[in-house]
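Please find below a short briefing on one protein model. It is set out by topic for reading alongside the coordinates.

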Amino acid sequence: MIIAAVFVLLVFLYSLASRRLEHTIVTAPIVFTAAGMLLVSTLPVLNELEADRNALLLLAEVGLVLTLFSDATRISPRVLKENERLPVRLLSAGMLLSILLGAAAATVVFPGLSIWEVGVLAAILAPTDAGLGEVIVNSPRVPVRIRQALSVEAGLNDGLSVPFLMFFIALASAGTTGTGGTFMRYVVEQIGFGTLVGVGVGLAGGRLLGLAEDKGWMAGSLRQLGLVALPLLCVMGSKPVGASMFIAAYVAGLAVQIGFKRAGEESVEFTEGWGRLLDFFVFFFFGMLVARAFGRFSPACLVYGVISLTAVRMLPVAVALVGTRLSAATVLFMGWFGPRGLASIVLGLVYLEEEAHLPGETTITLAVMATVLLSIFAHGVSSLPGIGLYAKKIAAMDASAPEHLKIADSERLS
């Protein structure tokens, strides 16, 4: 009850000053992470936190399930093809290179980790966070096509990271048990069954929602609830067959659009309301976990965190943007503002819940926590100054510069 009471009170107080804080470097992730750390540091809630760990993990997982479903409902080929395919570049070559480089860096910094364990670490830290970069993607001082590309990337790469994570966990687990059957069974259950559950829930749910919409049977105020019920059905449908609820939710978000065209619009409205409350809770929960582990952070974890947020992010972005004629300032800006946050936190919790019991589990956990913690504060503090510096560079560019390229429906998509 102490944890719940403090969190609810903090949400209320933050809401009161939210508009004023929008113009400062004090972001919501900073506020809720710091509050979680302070709570554990000052009040005797450690036993309560341990006892309620499963309940807290469930809330965090539901938050990611809803986020993945919502992100998937907003995917359309037109959005990816427009803007000279900048999002596609970041989500394909950029993301693959980021995982590869992240694994390579982990091999050097943490020589005790196996090849598959460094893959697990890299996959957890591959997705960027639109919430941490909210100031960037909403700023009118940043060209529309640049913030749209960053927004689409952050909205989709969490779902794309899940199969990589499950794949590396399966390989690492098979390596510790010495059986290939474990690997194949894990892949089939997590990815294969997850896809089937997602397709079934998405197609059936979307068809029924679309039919109810066409017939006028559904009250407008309940459309969101009907849609949000689908990812929750994915959670319940995945558990009995051992499937990944995250893959199921993401696939369902893609499939539901076939029968219910308004899925993306309704998902956006939910995400901006109740979805944000779940995001706040995840950062609050993360702060409590960090406070408990703070004394165990090693210099290697901090070094890897810095490398992950700089070279592991920036070099792949630079490679992915080759040929776009974007300026060095834009490439640097897009490379730096790839924060790690919500998705990495929950994917890290998912990895722990899988109970793979890998030899390097503690190292992986601490490295993820250190990287996300650095990102929350580094990207939060640098967002407004970064926008200011970048805006000056943009203002000095010619009107024909690629950064100023007009894209169709840019205001709606941004």
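The model is predicted. Its largest nonpolar core has 98 residues, and a further core of 20 residues lies apart from it. Helix H17 is largely enclosed by the rest of the structure.

**Nonpolar cores**

- Within the largest core, the residues with the most contacts are Phe32, Phe110, Leu121, Phe246, Phe284 and Tyr304.
- Helix H13, residues 263-293, supplies the largest share of this core, with 11 residues.
- Apart from this core lies another one of 20 residues, which includes Val142, Ile146, Val331 and Ile387.
- Not counting residues up to four places away in sequence, Leu121 touches Ala106, Phe110, Tyr304, Ile364, Ala367 and Val368.
- Of these partners, Phe110 and Tyr304 are also listed among the residues with the most contacts inside the largest core.

**Helices H6 and H15**

- Two packed helices are described by the angle between their axes and the distance between the axes.
- The axes of H6 (residues 86-109) and H15 come within 8 Å, and they cross at roughly 145 degrees.
- The crossing of H6 past H15 is right-handed.
- On the H6 side, the residues that meet H15 are Arg89, Leu90, Ala93, Gly94, Leu97, Ser98, Leu101, Gly102 and Ala105.
- On the H15 side, their counterparts are Ala311, Val312, Leu315, Pro316, Val317, Val319 and Ala320.

- Thr324 sits in the loop between helix H15 (311-320) and helix H16 (328-336).
- Thr324 has a relative accessible area of 3% and is therefore buried, the cut-off being under 20%.
- Its side chain reaches the backbone oxygen of Leu321 at 2.6 Å.

**Helix H17**

- H17 has 12 residues, 342-353, and should span 16 Å at 1.5 Å a residue; the end C-alpha atoms are 17 Å apart, which agrees.
- Because 10 of the 12 residues of H17 are buried, this helix is largely enclosed by the rest of the structure.
- The buried residues include Leu342, Ala343, Ser344, Ile345 and Val346.
- Leu347, Gly348, Leu349, Val350 and Tyr351 in H17 are buried as well.

**Gly380 in helix H18**

- Gly380 belongs to helix H18, residues 361-395.
- Gly380 counts as buried because its relative accessibility is 3%.
- Gly380 and Ile25 are 355 residues apart in sequence, yet their C-alpha atoms are 5.9 Å apart in space.
- Leaving aside neighbours within four places in sequence, Gly380 is in contact with Ile25, Thr27, Ile30 and Ser375.

Methods. Residues numbered from 1 in each chain as written. Predicted model: local features only at pLDDT ≥ 70, side-chain atom pairs only at ≥ 80, totals over all residues. Heavy atoms only, no water. Helix = DSSP H or I, 4+ residues; strand = E, 2+ residues; numbered from the N terminus. Buried < 20%, exposed > 50% of the residue type's maximum accessible area, 1.4 Å probe, protein only. Polar contact = N/O pair within 3.5 Å; in protein donor to acceptor, adjacent residues only side chain to side chain. Expected span 1.5 Å × (residues − 1). Core = buried A, V, L, I, M, F, W, Y, C linked by side-chain atoms within 4.5 Å. Contact = heavy atoms within 4.5 Å. Axes fitted to C-alpha atoms, helices over the stretch in contact; angles between N-to-C directions. Left-handed = near helix turned anticlockwise from the far one by under 90°.
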